[in-house]
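Let's walk through this structure together, with the sequence and the coordinates side by side. Please keep both in view as you read.

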Amino acid sequence: SSFFCRWVLVAPRCCSMDGNELRQRSTGGADAEAPKDSEPQRKKVKKSRRKKGMTTQQMMMSVSGSLAGLGVIGFIVFWHVHPSYKAVVQIDRLDASQPGVVELFYEKYHTKKPVIFTGALKSLPMEKWASGEYLSKTCSEAQLPVYEAVEDNSEWAALKDAGVLSLPDYFDRHFAPPLGFGPKAGVKPLYALEMSLRRECPLLLEDYGVPGFASDDLLARFYTKAAWPTLIAGPKGSRTGLHRDTHNFAFYMVLFAGKKWWRTFLDDDAGSNAYFRLDLNAFTFDPFDPDFHKYPRLQDATVYETVLEPGELIYIPEGLPHGVRNLEDTVAVSGNFLDARSLGYWKARTCSRREWSDSNACWGYDHEFNKVVPKNWTIHPVPYHEVCGYKDLAEWCRGFLPQLWKRAKKHADYRRNMDHVAAYCKGKGVELSDEELAKY
C-alpha cells in the first residue's frame, strides 16, 4: 500500500519530466549545488521562469504523463477490484440432423461435458406443451411442488420449500400470457420442480418421448421409486443455486417455452469444488454473480454456460454442478437417468463416496442392472412405455399400478396419485381390483 500511495502522488509528475530534469532531481541537480548565499541568482531564475511560462510541448508532456500515470493506476485498481473466472466457455451445440452425431456424442461428451442438441425434438408437440391453457386443462388435478429462492445458499440449490400448488393455479398466479394470466402483483416468483408425469398427469406421457441417449435408462425399468420424467416450470426471474443432482445422476432437459441461462462446471474443477457443501450436495457461491473476494479460488475455475432456447435439448453428465436462471417464463421436462453405457463410470464415481455408499441405488439392483446390454440409439425421442420395457401404455399400466398401490399403502400422498393413474388406466382398458394388485 505504501508503494501504491507513492505511485499515485508521484507518477503523474515523474512522467511529465524530461530527461534532464529527472537527472537533476535524482542527483541533486544544478540548483542543489548552488552556493547558499546565491539568493539573487535564485530570484533571477524564478522571475525568468514566471515570464517565460510553460511551452506547448511541456504542457502536452505534463498532460500525457498524468494520463499515463492514471492509466497505470486504473489498471492496478481494476485488476484488484474486478477479478473473474479463469474462463467462460460456451456449451457446444450439435445438430441432430448431421451424420455421425451419435458417435460424436459418445466420443466427446458422454460422461464428460455438457452439450446441447438442436433439431432433435421435431416429433414432439412443442406448441401444446408451451400452452398454459393446454397443460392446465390436461392436468387439472395435478399438484406442483414449488420453491422460493434463498440468498444465503443455506438450502439445496438455494431453494426453500414453499409448499404445493395445483398446476392451473400455479400458471394463473405466476405466468404472463400465453402461459398464464398474471403474474399477480406482489407474488414472489416460485420455481415448480419435479412434478412426476407418470404420477400426476400420465396423459402427458402419450405426447412425450425420452431422448435417445437416455432410452436404455436403468432407473425407468428397475428403480421403481424414481419420479422421472418430471415437469419443471419457472416464471421469469426464478432461479436455482449451484448444485449436484441426487446420486450424481446424469440428466437431460427438453425446453418447450422460454429461455434459460445455464452455468455449469466440470466435475473435477478444483476452483468450484473448493466451495462444495457435502451436507447439501450444493455450493456456497452464486455462479452467476460470484463474490471473488470471498471465494478467491473461483479465479481458477472454468465455467460453461449457455442460454437454452425452446426446442433445444441439453445433456448434463454425471455429477456436474449446475445452476439456472429463467430469463423468461419457462416450461420444460427433465429426467435423471442411468444408461447402461455409463453404469461402470457412475458406480466408480458415486458409490464409493460416503454420502451415497449405503444407497440402495448403488447396490440393490446389481442383478438387474448388469443384465442390460447397451443398445445403439437414434437421436429421435423414444416413447416412454418402451423405455420402461413395455410394448404399449396399457401394458405399462399393468406394471405401474401395482407399484403405486404398494406405495399408497404406506404414504398418503400416493393415494391421490393412485386415483389419478387408475382413472387414466381405466381409459386404456386396464382396471385392477385390490386383490389383483396385491398379487403383483
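The paragraphs below go through a strand pair, the disulfides, the aromatic rings and the charged side chains.

A few ground rules come before the tour. This is a predicted model, in which local features need pLDDT of at least 70 and side-chain atom pairs count only at pLDDT 80 or more, while totals for chains, interfaces and linings use all residues. Residues are numbered from 1 along each chain as its sequence is written, and side-chain values use heavy atoms, with hydrogens and water left out.

Strand S10, residues 260–265, runs antiparallel to S15 and is joined to it by five bridges; two strands count as paired if DSSP finds at least two bridges between them. Within this pair, look for Trp262, which stands opposite Val324 in S15.

Next come the cysteines. The structure holds three disulfides, a disulfide being a pair of cysteine sulfur atoms within 2.5 Å. If you number the bonded cysteines of the protein chain in sequence order, the pairing reads 1-2, 3-4, 5-6.

Cys139 is buried at 1% relative accessible area, and Cys201 is buried at 3%.

Cys351 and Cys362 also form a disulfide, again with sulfur atoms 2.2 Å apart. Here Cys351 in helix H13 (residues 343–351) is linked to Cys362 in helix H14 (residues 360–363), 11 residues apart. With a torsion of about -90° about the S-S bond, the disulfide of Cys351 and Cys362 is left-handed.

Cys397 and Cys425 form a disulfide too, with their sulfur atoms 2.1 Å apart. The S-S torsion is -85°, and the link of Cys397 and Cys425 is left-handed. Cys397 lies in helix H17 (residues 393–408) and Cys425 in helix H18 (residues 412–427), so the pair ties together parts that are 28 residues apart in sequence. Cys397 is buried at 0% relative accessibility, and Cys425 is buried at 0%.

Now for the rings. The structure holds 31 aromatic pairs; rings of Phe, Tyr and Trp (its six-membered ring) pair if their centres lie within 6.5 Å, with planes under 30 degrees apart counted as stacked, over 60 as edge-to-face and the rest as tilted. Tyr85 and Phe292 have ring centres 5.2 Å apart and planes at 80°, so the pair is edge-to-face. Both belong to one aromatic cluster, which also includes Phe265, Tyr275, Phe276, Phe283, Phe285 and Tyr295.

Finally, turn to charge. The count comes to 18 salt bridges, each a side-chain nitrogen of Lys or Arg within 4 Å of a carboxyl oxygen of Asp or Glu. Arg349 forms one with Asp267, the closest N and O atoms being 2.5 Å apart. Arg349 is in helix H13 and Asp267 in the loop between S10 and helix H12 (270–273), 82 residues apart. Arg349 is buried at 8% relative accessibility, as is Asp267 at 16%. Salt bridges that share partners join Arg244, Asp267 and Arg349 into one network. Lys426 and Glu431 form another salt bridge, with closest N and O atoms 4.0 Å apart, and both residues are exposed.

Which buried residue has no salt bridge, with Arg341 as the nearest side chain of opposite charge? Asp216 is the one, and Arg341 is 5.6 Å away (Lys and Arg count as positive and Asp and Glu as negative; His and the chain ends are not counted). Asp216 is in the loop between strand S7 (209–210) and helix H11 (218–222).

Note on methods:
Helix = DSSP H or I, 4+ residues; strand = E, 2+ residues; numbered from the N terminus. Buried < 20%, exposed > 50% of the residue type's maximum accessible area, 1.4 Å probe, protein only.
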